[in-house]
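Hello,

Here is the structure I said I would pass on. Have a look at it first, then read my notes below.

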Amino acid sequence: MRDVPAPVRRAGEVLLRVHAAALNRVDLYMRDSGSGITHSLPQTLGVEAAGVVVEADADSGLVPGQKAVIYSNAFCGQCRYCLAGDQPLCLRAHIMGEHRDGGFAEYVAMPARCVLPLPDHVDLAEAGALLAAYLTAWRMLFGKRALRPGETVLVAGVGGGVAVACLQLAVHAGARVLVTSSSDQKLARAQALGASGAINYRREKVAKRVMEMTGGEGVDMVIDSSGAASWDDSLRSLRRGGRLVTCGATTGSNPPADLQRIFIRQLEVYGSTGGSVEECRQLIALFASGAVRPVIDRRFALDDIRSAFDALSDGSQFGKLVVTMT
Ligand SMILES: [Zn+2]
């Protein structure tokens with residue numbers, strides 16, 4: 001923690017007074033190493049931020065006093081992916097908290113195209129926990145091969161922000177959701193949020209239990225952000241023609257591919273990260289309607305941010321850890 005000059009807003013940018021910013025795994029990575037991510041020190045961390053507009057260009061459509069949330073990728077708007085509306089693939093992506101100053105601060109400046117207005121009635125602490133985990137979850141579930149009502153999805157390792165977000169969004173979409181965890185307490189919380197099947201992977205064989213729960217067929221989709229530790233079970237839990245979506249590899253990124261299973265059963269395996277501006281707008285509309293609210297495990301004052309990092313690396317949370325500035 002240190003005092004630094006407030007960011008100076010350049011033309012085309014918006015200055016936001018930050019109210020809340022959630023923690024994400026990448027913050028731990030940036031704190032501990034950040035290697036491979038181009039940045040220069042000192043740099044403020046934090047890939048999320050929700051707050052109130054302080055200064056904006058007159059033609060930005062944003063006015064001082066307005067609530068807003070930051071789309072963390074300062075995309076170029078000109079490459080082939082941006083022109084196709086697929087900003088997460090931008091060739092010149094510049095992510096707040098990774099490549100430029102982030103949201104664990106009282107103020108942050110970002111290009112106006114990355115500042116999305118919020119209606120007055122929303123809770124800014126919840127908004128500050130929306131655009132990493134929930135946007136990632138949105139694209140995983142509804143991006144490439146959208147989850148449909150009545151389908152069954154397995155969410156591996158429920159408790160982390162993305163997994164809890166997938167559970168909530170899939171339940172809202174009318175899907176049947178099965179979850180795994182090593183913690184009975186987390187499984188109970190997931191069931192309270194609408195999970196219809198819960199498997200403790202310490203005690204039970206995941207794929208076997210999934211088959212029992214799906215009449216021997218398997219699930220339509222698996223959401224896996226853990227990687228090596230859950231990969232085999234994830235592949236074995238899919239029905240023929242099912243799809244496995246990965247957005248993380250916290251337990252290792254090179255599990256055996258089991259190609260024979262993939263081609264014979266015609267499985268689809270694909271990756272996902274972040275979400276587009278359009279997906280962001282859809283998510284914000286759902287959030288503003290009150291239909292899905294981010295699960296906040298704990299809130300921390302900015303002065304106590306070290307405790308928040310400790311809690312995240314400890315892994316005991318269910319949902320998001322949020323830092324509030326005011
Ligand atoms: Zn681009």
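Strand S4 (residues 107-111) is largely enclosed by the rest of the structure, because four of its five residues are buried. Buried means that 20 or more other C-beta atoms lie within 10 Å of a residue's own; exposed means 12 or fewer, and partly exposed is in between, with C-beta atoms placed from the backbone. Strands (E, at least two residues) and helices (H or I, at least four) are DSSP runs, numbered from the N terminus.

S4 pairs with strand S1 (residues 13-22) in the antiparallel sense, over five bridges. Two strands count as paired if DSSP finds at least two bridges between them.

Two points on the source. This is a predicted model: local features need pLDDT of at least 70, side-chain atom pairs count only at pLDDT 80 or more, and totals for chains, interfaces and linings use all residues. Residues are numbered from 1 along each chain as its sequence is written.

Domains

The protein chain is divided into domain 1 (13-132 + 275-324) and domain 2 (135-271). The bounds come from an automatic or database domain assignment. The C-alpha centres of the two domains lie 26 Å apart. Across the boundary, 15 residues of domain 1 are in contact with 13 residues of domain 2. Contact here means C-beta atoms, placed from the backbone, within 7 Å. On the domain 1 side, helix H10 (residues 277-288) gives the most, with three residues.

The parallel sheet

An open sheet has six strands in the order S8-S7-S6-S9-S10-S11, with parallel pairing. Its edge strands are S8 (197-200) and S11 (268-271), each of which pairs on one side only. From one strand to the next, the twist averages 20 degrees. Axes are lines fitted to C-alpha atoms, for helices over the stretch in contact; angles run from 0 to 180 degrees between N-to-C directions.

What covers strand S7 (residues 176-181)? Both of its faces are covered: Arg176, Leu178 and Thr180 are buried on one side, and Val177, Val179 and Ser181 on the other. S7 pairs with strand S6 (residues 152-155) in the parallel sense over four bridges. Thr152 has Arg176 as its bridge partner in S7.

Strand S9 (residues 219-224) runs parallel to strand S10 (residues 238-246), joined by five bridges. Met221 has Arg243 as its bridge partner in S10. Helix H8 (residues 228-236) packs on the sheet and touches both S9 and S10; its direction makes about 170 degrees with that of S9.

Val219 lies in S9. It is buried, with 27 other C-beta atoms within 10 Å. Beyond its neighbours within four places in sequence, Val219 contacts residues including Thr152, Leu178, Val210 and Leu238. Arg243 is 24 residues from Val219 in sequence, with 8.8 Å between their C-alpha atoms.

Glu204

Glu204 lies in the loop between S8 and helix H7 (206-213). Is Glu204 buried or partly exposed? Glu204 is partly exposed, with 14 other C-beta atoms within 10 Å. Leaving out residues up to four places away in sequence, Glu204 touches Ile199 and Arg209. Thr180 is 24 residues away along the chain, and its C-alpha atom is separated from that of Glu204 by 9.7 Å.

The core

The largest nonpolar core has 99 residues. Such a core is a set of buried Ala, Val, Leu, Ile, Met, Phe, Trp, Tyr and Cys residues joined through C-beta atoms within 7 Å. Leu16, Ile70, Val155, Cys166 and Leu167 have the most contacts inside this core. Helix H5 (residues 161-172) supplies the largest share, eight residues. Domain 1 and domain 2 each give the core at least three residues. Cys166 touches Ala137, Met140, Leu141, Val155 and Ile223, not counting residues up to four places away in sequence.

Helix H1

In helix H1 (residues 25-32), Val26, Asp27 and Met30 are buried. They are on the same side of H1, because they cover an arc of only 105 degrees around the axis. The arc is that of the directions from the helix axis to the C-beta atoms. Just after H1, Gly34 takes a positive phi of about 70 degrees.

Best wishes

Notes
Contact = placed C-beta atoms within 7 Å.
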